[in-house]
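Student: Can we walk through this one together? I'd like to start with the sheets and then move to the helices.

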Amino acid sequence: MFAFTKAGKDWNEDACYVCKNFAFVLDGETTLVKKNFSNEQSDAKWCSNWWANYLKKHLKNKSKTIPEILKIGTQEYTNAFQNLANGETIQDFPSTMGSIVRNIDGMIEFYVLGNCPIIFKTKTNHVFLVCDPLNNIVDDINLAIYKDIANKENISVLDARTKYPEYLLDARLNKNSFGGYFNLCNKVDSIEHGIYNKISTEIIDKILILSDGYTQVFDLMKFITPEELINNINCKKDAEKIYNKLFIMQEEDKNCNQFVRFKIRDDATLVCMEIKK
């Protein structure tokens, strides 16, 4: 078991953790407002770190399911951030997407909310991907809009996003509401929109949990498949080698025209667990 993470800019808004019994990846999302209430470089970083510390403590509680733990955490998180705001009006709570895997009583319990897919490999070498499609749909719609603007105005996709930020802002306004997408924030009901299930530990050989900054290797740049990824990653150096190829391709497409995306690169995180019998 190991974790790999790289910041997409000066600081990393992803958070991750892996131990014998559980692992998770969290991908913090920037708020609509410029003001910071926390002492971190961004409130999104504070958010993902808050949830990481909460999960490290509470995933040890075997009497509660992952969704139950997250619902209680949502209430505690809301109170914690309101305390940071010290009575000021909070226009937009920082939030995080996340995926969690827990080895409990002979079962692998897993939960996915947002763009943090989990790749499973079985002992019979079958590979399957668990992802929350709703965030991808919202992103795909906005990427199509920016690509169309770029073509019409003969500018780069990156310039189109900078010139017309309202499309992304509108999407953020629909966060955790019907017609939008869902993540860990200040609304308990959002937890119901995640993907939750269990599978026997006797079936599973290896598990990868990824933030969407790393999934670009197979869902955007497409130079490796999920099956090849999980088969080729056995240590931290393997994860870094694949990431370095992604980094080079991002550098060669700094305008985001060939591989359409919102920024040159995002924070990229991968966690690996092997189930030994």
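**Strands, then helices**

Tutor: This is a predicted model. Strand 6 (residues 118–122) and strand 7 run antiparallel and are joined by four bridges.

Student: Which residue is the bridge partner of F120 in strand 7?

Tutor: F128 is the bridge partner of F120.

Student: What is the strand order in the open sheet?

Tutor: The order is 1-10-9-6-7, five strands with antiparallel pairing. Strand 1 (2–6) and strand 7 (127–130) are the edge strands, each pairing on one side only. From one strand to the next, the twist averages 15°.

Student: Which helix packs on that sheet?

Tutor: Helix 8 does, touching strand 1 and strand 10 (268–274). The direction of helix 8 makes about 25° with that of strand 1.

Student: Staying with strand 10, is T269 buried or exposed?

Tutor: T269, which sits in strand 10, counts as buried because its relative accessibility is 0%.

Student: What does T269 touch, leaving out residues up to four places away in sequence?

Tutor: The contacts of T269 are F4, T5, D14, C16, V25, I209, L210, S211 and Y214.

Student: New topic: strand 3. Why is strand 3 described as largely enclosed?

Tutor: Eight of the eight residues of strand 3 (residues 22–29) are buried, so the rest of the structure largely encloses it.

Student: Which strands does strand 3 pair with?

Tutor: Strand 2 (residues 14–18) pairs with strand 3 in the antiparallel sense over five bridges, and Y17 stands opposite F24. A hairpin of three residues joins strand 2 to strand 3. Strand 3 also pairs with strand 4 in the antiparallel sense, over eight bridges, and there G28 stands opposite T96.

Student: Last one, helix 2. What is its span from first C-alpha to last?

Tutor: Helix 2 (residues 66–85) has 20 residues and reaches 28 Å, close to the 28 Å expected at 1.5 Å a residue.

Student: Which residues of helix 2 are buried, and what covers them?

Tutor: The buried residues are I66, P67, I69, L70, G73, T74, Y77, T78, A80, F81 and A85. Their cover includes helix 1 (43–58), strand 4 (95–104), strand 5 (107–113) and strand 8 (195–200).

Student: What about the spacing of those positions?

Tutor: An α-helix has 3.6 residues a turn, so residues three or four places apart point the same way.

Student: And which residue follows helix 2?

Tutor: N86 follows helix 2, and its phi is positive, near 55°.

How values were computed
Residues are numbered from 1 along each chain as its sequence is written. This is a predicted model: local features need pLDDT of at least 70, side-chain atom pairs count only at pLDDT 80 or more; totals for chains, interfaces and linings use all residues. Side-chain values use heavy atoms; hydrogens and water are left out. Two strands pair if DSSP finds at least two bridges between them. Helices (H or I, at least four residues) and strands (E, at least two) are DSSP runs, numbered from the N terminus. Axes are lines fitted to C-alpha atoms, for helices over the stretch in contact, and angles run from 0 to 180 degrees between N-to-C directions. Contact means heavy atoms within 4.5 Å. The expected span of a helix is 1.5 Å times one less than its number of residues. Buried means under 20% relative accessible area, exposed over 50%, partly exposed in between (1.4 Å probe, protein chains only).
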